[in-house]
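Hi,

Here is the structure I said I would pass on. Have a look at it first, and my notes follow below.

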Amino acid sequence: MSAPRLLPWAGPEGKPCFLVTDGDGYLSRAADAVESVQLGMAAELLDHSAAMLDERHVTSAELRFLVARMREALTDVLRIAESRRG
């Protein structure tokens, strides 16, 4: 049995969730799929931010929305990195 895996989602009250497994079960595969989606969304946000920075007429509301989504994506990416560090 391997060390507990930090899952890519939070539990009740925002607390971290861990999974103790051999890495080949249903929850492990679900966590892998969620991580893949999260990393893909982060990449899309980076592409979108580059396009917005090239645009001269971006509103402050659009920028605030982008920053909020990027913050969420960075939180997800950091959780994934922490999970894989162990």
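In helix 1, the buried residues are Ser 28, Ala 31, Glu 35, Gln 38, Ala 42, Leu 45, Ser 49 and Met 52. Keep in mind that this is a predicted model. As for the pattern, an α-helix has 3.6 residues a turn, so residues three or four places apart point the same way.

What lies over that buried set? Strand 1, strand 2 and helix 2 are among the elements that cover the buried residues of helix 1. The helix itself has 29 residues and runs 43 Å from first C-alpha to last, close to the 42 Å expected at 1.5 Å a residue.

Now the core. The largest nonpolar one is made of five residues: Ala 42, Leu 45, Met 52, Leu 66 and Ala 73. Helix 1 (26–54) and helix 2 (60–85) are the elements that each supply two or more of them, and helix 1 contributes the most, with three.

Which residues does Leu 45 touch, leaving aside its neighbours within four places in sequence? They are Leu 66, Arg 69, Met 70 and Ala 73.

At the other end of the sequence story are the strands. Strand 1 (residues 5–10) pairs with strand 2 (residues 16–19) in the antiparallel sense, over three bridges. Leu 6 has Phe 18 of strand 2 as its bridge partner. The two strands make a hairpin with five residues between them, and Glu 13 in the turn has a positive phi of about 65 degrees.

Cheers

How values were computed: Residues are numbered from 1 along each chain as its sequence is written. This is a predicted model: local features need pLDDT of at least 70, side-chain atom pairs count only at pLDDT 80 or more; totals for chains, interfaces and linings use all residues. Side-chain values use heavy atoms; hydrogens and water are left out. A nonpolar core is a set of buried Ala, Val, Leu, Ile, Met, Phe, Trp, Tyr and Cys residues joined through side-chain atoms within 4.5 Å. Buried means under 20% relative accessible area, exposed over 50%, partly exposed in between (1.4 Å probe, protein chains only). Helices (H or I, at least four residues) and strands (E, at least two) are DSSP runs, numbered from the N terminus. Contact means heavy atoms within 4.5 Å. Two strands pair if DSSP finds at least two bridges between them. The expected span of a helix is 1.5 Å times one less than its number of residues.
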